[in-house]
Amino acid sequence: MSSHLAWYTARATGVFAYVLVTAAVVWGLLLSGKPFGRAPTARWVLDLHRFLGGLSVVFLGVHIGALVADSYTHFGAAEILTPLASSWKPVPVALGVVAMYGLVAVEITSLAMRRLPRRLWRVVHLGSFGVFWLSSFHFLTAGTDARNPLLRGFAILASSTVLYLTSYRVLTARAPRLRDADRAGGPTPLAPYTDVSQPA
Amino acid sequence: MTDGIDSDIDDMRAARLERLAARRGSAAVPARAPAPPSQRTRSRHAAATSRVVALGLSTSAALAMIAVLGQHSAPSSAKPAAAPASPPATSGPPTIVVRVVLPDASPTSVTSPPAGSPAGSTGAGSRSAASQPAQQWSAQPAQVVRASAPIAAAPAPVAAKPATSSHGS
């Protein structure tokens, strides 16, 4: 077991980095899309969304570190940092490399949110959708455990959920938003990602 | 730790109300009063609890998966063959020995590579075929039937016998 610990760690942390990315994206869509009528007002909801994103970066770091530490697979800095540099499944690995850069960019801009222009933060944050889909394809095409029925089923369920919530968000964003102004005097729902400055 | 998110939310809420008021052309909407300290304390506790739960669930699940992989997986079959530390040694293209018995009962050998097998292919790049081709098609000179070794009990002369591979088809 110990001789293969790095390999097992790489697989497990890769799977759960994908799970955490999925959870962060779904949580964010639930926050902003308000599919259940109104956005939750509790502050821990947004805090958990941020924490899930940060935790996925941590798991991604362990995933990459374990791949480098594993003595069987030869993933060096060039293969991990450069898309298409890997000789083993270059395209699926490249999807993971690009997703890694995207996830790091989303996390950094989220940490520096108050120091960045709102529009820049928003554009980069929308890249989290790309991170999710790239991660999904990376998991399904390069993951050793992608043939596991349970994990494959999770990937399909996660993709369906994100697709549904994204569609709901896009469709409801076209609805008039002036109703929010009527609530301005009362308790304001927590909708940090709803850009009401944009015309309907 | 959650003080930052409290202030972030307050800032976002205030900016949002200002934008709404500007769009309606009305006076600035009075922002909601900041939450009392007790409510902020409860909020911080809830945030900390959710963080601990998320961290505990994900970490314990990952550790459990590592343990399950260690107990039930066959490491050699599960690992990718991206770049093996020591690639299997092969000498030349794979060989199939076809034994042909001529009418004078003197055997000879005809060698040819198997159909669909590129020369020098060791299976690298394919996870499942990583180790098998190297074992199946590694050249083994002892199995090559040489023309100088006559077959003692040769059957009746025939035109040609079906091809026989020493490695199986």
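Start with the lining of the largest cavity. Its residues divide into 20 nonpolar, eight polar and three charged. Keep in mind that this is a predicted model. The cavity itself has a volume of about 610 Å³. In total, 31 residues line it. Closest to the centre are A:Gly14, A:His63, A:Leu67, A:Gly96 and A:His138.

Which helices of chain A each supply at least two residues of that lining? Five are on the list: H1, residues 5-33; H2; H3, residues 77-81; H4, residues 90-111; and H5, residues 118-142. H1(A) gives the most, with eight residues. And this is the largest cavity in a structure that holds three cavities of 30 Å³ or more. Rolling a probe the size of a water molecule over the atoms shows where empty space is left.

Now the chain as a whole. Chain A has seven helices and zero strands. Along the sequence the pattern reads α-α-α-α-α-α-α. There are 200 residues, and buried ones make up 48% of them. Next, contacts. Take those in chain A with a separation of 6 or more. Of these, 68% are between residues 24 or more positions apart. The accessible surface comes to about 9500 Å². Carbon and sulfur atoms hold 71% of that surface.

On to single residues. A:His49 sits in helix H2, which covers residues 43-69 of chain A. Is A:His49 buried or exposed? It counts as buried, because its relative accessibility is 10%, and the cut-off for buried is under 20%. A polar atom of the A:His49 side chain lies 3.4 Å from the backbone nitrogen of A:Gly28.

Next, A:Glu79. This residue is in helix H3 of chain A. A:Glu79 has a relative accessible area of 22%, so it is classed as partly exposed. What does the side chain of A:Glu79 reach at 2.9 Å? The backbone nitrogen of A:Gly76. Leave out residues up to four places away in sequence, and A:Glu79 touches A:His74, A:Ala85, A:Ser86, A:Val93 and A:Val97. One more distance here. The C-alpha atoms of A:Glu79 and A:Pro90 are separated by 9.0 Å, with the two residues 11 apart along the chain.

That takes us to the loop between H3 and H4 of chain A. Two residues in this loop deserve a look: A:Leu84 and A:Lys89. Start with A:Leu84. Its phi is positive, about 65°, although it is not a glycine. Buried or exposed? A:Leu84 is exposed, because its relative accessible area is 57%, and exposed means over 50%.

Then A:Lys89. Its phi is also a positive value in a residue other than glycine, near 45°. At 29% relative accessibility, A:Lys89 lands in the partly exposed class.

To recap, back to the cavity. The volume is about 610 Å³. The lining has 20 nonpolar residues. H1(A) contributes eight residues to it. For anyone who wants to look from the inside, begin at the centre, where A:Gly14 and A:His63 are among the closest lining residues.

Technical notes. Residues numbered from 1 in each chain as written. Chains lettered and ligands numbered in written order. Predicted model: local features only at pLDDT ≥ 70, side-chain atom pairs only at ≥ 80, totals over all residues. Heavy atoms only, no water. Helix = DSSP H or I, 4+ residues; strand = E, 2+ residues; numbered from the N terminus. Buried < 20%, exposed > 50% of the residue type's maximum accessible area, 1.4 Å probe, protein only. Polar contact = N/O pair within 3.5 Å; in protein donor to acceptor, adjacent residues only side chain to side chain. Contact = heavy atoms within 4.5 Å. Areas by Shrake-Rupley, 256 points an atom, 1.4 Å probe, with all protein chains shown as cover. 1 Å grid on protein atoms, 1.4 Å probe; cavity = no way out; pocket = protein on both sides within 12 Å on 5 of 7 lines; lining within 4 Å. Points joined across faces, edges and corners; volume = space filled by probe spheres on them. Nonpolar A, V, L, I, M, F, W, Y, C, P; charged D, E, K, R; others polar.
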